[in-house]
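Take a look at the structure first.

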Amino acid sequence: MKITVIHGQSHKGSTYNIAKQLCDKLGGEVTEFFLPKDFDCFCKGCTACFTDETKCPHYEKLEPITKAMDEADVIILTSPVYVMHATGAMKAFLYHYGYRFLVHRPEEKMFAKQAVCISTSAGAGMKSTIKDMADSTFFWGIAKTYKLGTAVMETRWETVKPEIKQKTDKNTTFLAKKISRKVGRIKPDIKIKGFFAVMAMMQKNGFNPADKEYWTAKGWTKGKRPWKS
């Protein structure tokens, strides 16, 4: 099993430790990236990626992370709550993959992957923070996205109460077993399949030539699908 983790922060606090706990239980080969240390660019809004992603001014810097995600069986996105949402570094990172949304040119490999969105907070905000990340995993076409939010009630992992850590341990154990059982056998749920079917109809007369050409070349506008039936 290959796991790629993109951390929306560079410090190793509660969010990092919960992700590490999950990775240790999953086993396999883990590749980690820390934002903004490993990618610190803001999307320029130039729209170049919508016609050719290689024209993005940050394409080369982003490529190692893109490659790692494409090769992974499981993608884990993490972010502590920053003013009720994901970190700016995580948002800036995700903005660079708009061209991979189902409405444009989704990467075929994504339909066989699982994802986990992890967030922690000293209080509230996990739901909206996780949504910031899970919106992207859905629109990338990832077959299944799990959501793990934890109110740790502290600002440091070392001072989190034992009962909260025990609950986290139980949750990551359960999730690791669930993910492991489905590696190599996962299929997109009905929501993704339905959205894909609508996009396939639209791409027959797509407004963006690059997208239309991509879908046509894949055979997706003629009934072929990027997952096994």
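## The ring cluster

Which residues do ring pairs link into a cluster? They are Phe111, Phe196, Tyr214, Trp215, Trp220 and Trp227. Keep in mind that this is a predicted model. It holds 17 aromatic pairs.

## Two pairs that share Phe196

Start with Phe111 and Phe196. Their ring centres are 5.5 Å apart and their planes stand at 90°, so the pair is edge-to-face. Phe111 lies in the loop between helix 3 (88–95) and strand 4 (114–121), while Phe196 lies in helix 6 (residues 190–203), so the pair ties together parts 85 residues apart in sequence. Both Phe111 and Phe196 are buried.

Phe196 also pairs with Trp220. This pair is edge-to-face too, with 5.2 Å centre to centre and 70° between the planes. Trp220 sits in the segment after helix 7 (209–218) and Phe196 in helix 6, so this pair ties together parts that are 24 residues apart in sequence. Trp220 is buried, as is Phe196.

## Helix 6 against helix 7

The axes of helix 6 and helix 7 come within 9 Å. They cross at roughly 115°. That makes helix 6 roughly perpendicular to helix 7. The crossing of the two helices is left-handed.

Which residues meet here? Helix 6 brings Phe196, Met199, Ala200 and Gln203. Helix 7 brings Asp211, Lys212 and Trp215. Phe196 and Trp215 also belong to the ring cluster.

## A charge over a ring

The charged end of Lys191 sits over the ring of Phe138, 5.1 Å from the ring centre.

Key
Residues numbered from 1 in each chain as written. Predicted model: local features only at pLDDT ≥ 70, side-chain atom pairs only at ≥ 80, totals over all residues. Heavy atoms only, no water. Phe/Tyr/Trp six-rings, centres within 6.5 Å; stacked < 30°, edge-to-face > 60°. Helix = DSSP H or I, 4+ residues; strand = E, 2+ residues; numbered from the N terminus. Buried < 20%, exposed > 50% of the residue type's maximum accessible area, 1.4 Å probe, protein only. Lys NZ or Arg CZ within 6 Å of the ring centre and 35° of its normal. Axes fitted to C-alpha atoms, helices over the stretch in contact; angles between N-to-C directions. Parallel < 35°, antiparallel > 145°, perpendicular 65-115°, else oblique. Left-handed = near helix turned anticlockwise from the far one by under 90°. Contact = heavy atoms within 4.5 Å.
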